[in-house]
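Please open the model in the viewer and keep the sequence panel at hand.

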Amino acid sequence: MNATATPPRRGNRADAATAGRAHAAPRADRRAWDPAGVAPIVAAAALALAALPAGFVGVAPNRLVSGVPRGLWEAAGPGGCLALAMLAAALAGLALTGAAAASDTTPCRRQATLRAGLIAALAAGIVVLLVALAGAAAHAAVAADSGGGGRTRVSLGAAFWVWLSLALLVFAGALRRVPPLPARAALIAALAAALLLLAGAGAITDLSLAREFAVNRAGWVDAAGRHLLLVGGGLLVALPIGGALGGWAQVRPGRGTGAFAVLNLLQTIPSIALFALLIGPLTALANAVPALRGLGFGGIGAFPAIIALALYALLPVARGVEAALRAVPAAAVAAGRGMGMTRLQLLAGVVLPLALPTLLRMLRVVVVQLVGLAVLGALIGAGGLGGFIFRGLGQTAADLVLLGALSTILLAVAAHLLIGALIALLDPEPAR
Amino acid sequence: MIELEHLSRRFGATSAVDDLSLTIPRGDICALIGPSGAGKSTALRLINRLIEPDGGRVLIGGEDAARLPVVALRRRLGYVIQSVGLFPHWTVARNIATVPRLLGWERRRIARRVEELLALVGLEPAHGGRYPHQLSGGQQQRVGVARALAAEPEVLLMDEPFGAVDPLTRRSLQDALKDIQARTGTTIVLVTHDIDEALRLATTLAFLTGGRLVQAATPHAMLAAPASPEIAAFLGGPRLGLRLLQTATAGARTDFSRTAAGEPLDADTPLDEVVARMVAAGVTALPVRDRAGRAGVITLADVVAR
Ligand SMILES: Nc1ncnc2c1ncn2[C@@H]1O[C@H](COP(=O)(O)OP(=O)(O)OP(=O)(O)O)[C@@H](O)[C@H]1O
Ligand SMILES: [Mg+2]
């Protein structure tokens with residue numbers, strides 16, 4: 001296989017898709033796509049085509065009944081279809097030539113980077129176009145149904161979601177092959193700006209998702225803030241405790257196993273159960289110490305949610321801190337000590353800077369995990385974006401559920417990108 | 001002056017250093033030699049208190065090291081760690097400046113010192129801006145030595161400082177170290193597996209095995225009368241005699257009552273080099289001239305006489 005000729009690189013998304021051959025050949029080059037990379041492209045194209053008969057949007061007379069699917073042709077018209085088809089064809093062509101070009105490996109690094117940038121831009125274009133087409137279709141449907149008294153609902157259909165996911169996957173995958181950080185940041189910013197611009201221009205106001213957002217706008221800001229508060233609270237508790245545990249496990253290898261066993265066990269408790277299980281003991285605690293109640297402590301509300309989130313974060317934090325400390329070269333620490341650095345100087349000048357990249361990577365994982373888990377806080381009265389999801393479930397209002405879920409995902413992605421940017425900025429290695 | 005008095009240190013069941021007593025006078029270069037695991041590195045780390053002894057004590061300039069504030073003590077002792085241990089996130093210049101910065105030197109003085117040290121260990125000024133991973137192993141080691149020398153410590157503890165350096169550079173580094181030592185009177189404790197390096201640099205050789213000191217003597221004395229068969233084997237076995245030639249110079253064996261024709265040798269030439277020249281020229285006698293300008297002759301018989 002050609003991939004054997006290319007140097008192994010870490011973290012290739014394409015590998016996950018073709019995990020089967022990971023044993024047979026070293027991982028594919030980060031910049032160039034090997035011919036075996038054609039398989040995922042073909043699979044993606046097939047999936048995209050298969051979704052064609054599915055509904056692009058669904059139109060319902062009101063919020064409570066499910067909509068009638070409308071295909072792409074019907075919803076977007078020939079112009080929209082043509083634009084989308086052209087972008088998709090260009091993307092597929094570029095990806096395929098990229099896969100073929102991998103046989104002459106390294107000399108065309110710049111070219112591969114350029115191609116990846118183009119692929120990312122095309123994928124971003126598809127995302128924006130999909131949203132714009134859906135918005136336009138919604139606008140048309142609402143306008144056509146003037147007798148409906150504005151109750152007409154236009155939801156996003158299965159085909160939309162399939163294509164959006166594919167486009168975003170391609171976008172994220174291509175981004176990894178664009179090494180210069182500013183270029184990467186610019187691509188992400190451009191996509192975000194284009195979507196915001198669409199929304200700001202009122203191009204998607206008639207989509208039911210946008211309607212739900214408009215109705216809940218004030219509540220949404222509160223919920224998002226509350227969500228962040230829960231995550232921040234969980235971190236505030238978990239970081240010092242988990243950090244101390246991880247540090248202890250690193251200094252005394254072997255001793256930490258007991259503590260880690262308990263934390264491992266904690267991880268296995270289903271999250272919903274943990275949130276519910278805490279209600280009892282924490283209510284009892286608040287009853288026993290009424291002073292705590294005045295501070296907002298109790299069996300329900302933000303307090304138990306923060307505790308539950310902290311408990312979940314404890315294991316990854318402790319493990320991450322342990323791994324980060326282990327990654328600090330022992331010889332550097334010994335040399336620093338031998339030259340007369342104080343404990344503090346050693347910690348601040350040597351240990352922390354060398355552990356920081358690993359620590360931030362741990363933090364990124366934990367934050368993303370907690371943003372997702374915090375949704376459950378709504379179940380025990382802690383509020384947060386989960387509120388929309390559970391309210392939507394109760395009312396069988398799929399768009400409300402979607403609003404909550406999408407907001408959570410957006411929050412997680414934003415956190416991921418932000419911490420990722422920090423990691424990249426702190427990288428002590430000069431650019432290669 | 002460094003005095004080790006009945007120093008002992010165990011790690012579990014192994015006795016890394018066992019009742020070690022050794023006096024290293026001020027300005028001496030003491031080379032600790034011995035097989036792997038003999039306790040040489042442990043002895044160094046007992047001196048700068050990276051580990052504390054189970055028994056015995058270390059006196060530095062007559063003061064009990066255990067009574068001195070540990071951080072201040074270590075800043076007085078330059079330390080070259082066996083595994084180099086450069087700080088990977090700092091540039092070479094910043095690495096070298098470690099102790100001067102700890103001591104709060106003024107910025108310009110540090111910059112000047114760094115430049116001086118880079119030249120001293122044979123690195124280019126441009127290397128100062130690089131990161132350790134951008135240097136070769138031997139270059140990294142030289143940075144480690146420069147870092148230890150930076151604040152002109154009164155004692156230098158060096159654990160295999162030149163192990164990864166090529167022979168030519170190693171020689172020039174050894175010369176540089178000798179120069180510095182002669183200029184500043186630094187006391188040096190050097191761990192090395194390179195017998196020739198030990199012979200070239202050391203005023204005292206200390207042979208350790210299994211944590212115990214077996215013999216401490218001048219290079220010449222140890223070569224002339226190794227205290228155990230192990231030492232004899234360690235110093236070269238059947239070739240020990242050739243090493244012995246390194247410890248004496250031509251002047252001591254020259255007959256100044258005679259003269260011979262030809263380009264005269266320097267009286268400071270070590271005897272092994274005298275033999276090498278005889279072999280190269282196919283002769284058994286060579287002319288010698290000493291610093292005072294006296295001329296003489298050295299013969300092969302004079303060289304091998306004890
Ligand atoms: N931190 C430690 N924990 C346990 N044992 C140790 C430790 N440091 C040293 N030892 C043991 O003490 C003995 C002496 O080790 P030391 O590092 O002083 O040897 P050395 O003479 O420097 O050897 P080398 O020439 O290989 O560097 C060895 O048996 C070693 O295994
Ligand atoms: Mg050693």
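Select Glu322(A) to begin: with a relative accessibility of 12%, this residue counts as buried (buried means under 20% relative accessible area, exposed over 50% and partly exposed in between, with a 1.4 Å probe and protein chains only). Glu322(A) lies in helix H13, residues 302–326 of chain A (helices are DSSP runs of H or I of at least four residues, strands are E runs of at least two, and both are numbered from the N terminus). Now display its surroundings: setting aside neighbours within four places in sequence, Glu322(A) is in contact with Gly246(A), Ala249(A), Gln250(A) and Phe260(A) (contact means heavy atoms within 4.5 Å).

The model is predicted, with local features requiring pLDDT of at least 70 and side-chain atom pairs pLDDT 80 or more, while totals for chains, interfaces and linings use all residues. Residues are numbered from 1 along each chain as its sequence is written, chains are lettered from A and ligands numbered from 1 in the order in which they are written, and side-chain values use heavy atoms, without hydrogens and water.

Next, select helix H8 (residues 217–251) and helix H17 (residues 398–426) of chain A, whose axes come within 12 Å and cross at roughly 45 degrees (axes are lines fitted to C-alpha atoms, for helices over the stretch in contact, and angles run from 0 to 180 degrees between N-to-C directions). H8(A) is therefore oblique to H17(A) (under 35 degrees counts as roughly parallel, over 145 as roughly antiparallel, 65 to 115 as roughly perpendicular and the rest as oblique). Show the side chains where Trp220(A), His227(A) and Leu228(A) of H8(A) meet Leu403(A), Ser407(A), Thr408(A) and Leu411(A) of H17(A).

Move on to helix H4 (residues 109–144) and helix H5 (residues 158–175) of chain A, where the axes come within 8 Å and cross at roughly 155 degrees. H4(A) and H5(A) are therefore roughly antiparallel. Residues making this contact include Ala116(A), Ile119(A) and Ala120(A) of H4(A), and Phe160(A), Trp163(A) and Leu164(A) of H5(A).

After H1(B) comes Arg49(B), with a positive phi near 60 degrees.

Finally, display the whole of chain A, which has 17 helices and 3 strands. Of its 432 residues, 42% count as buried.
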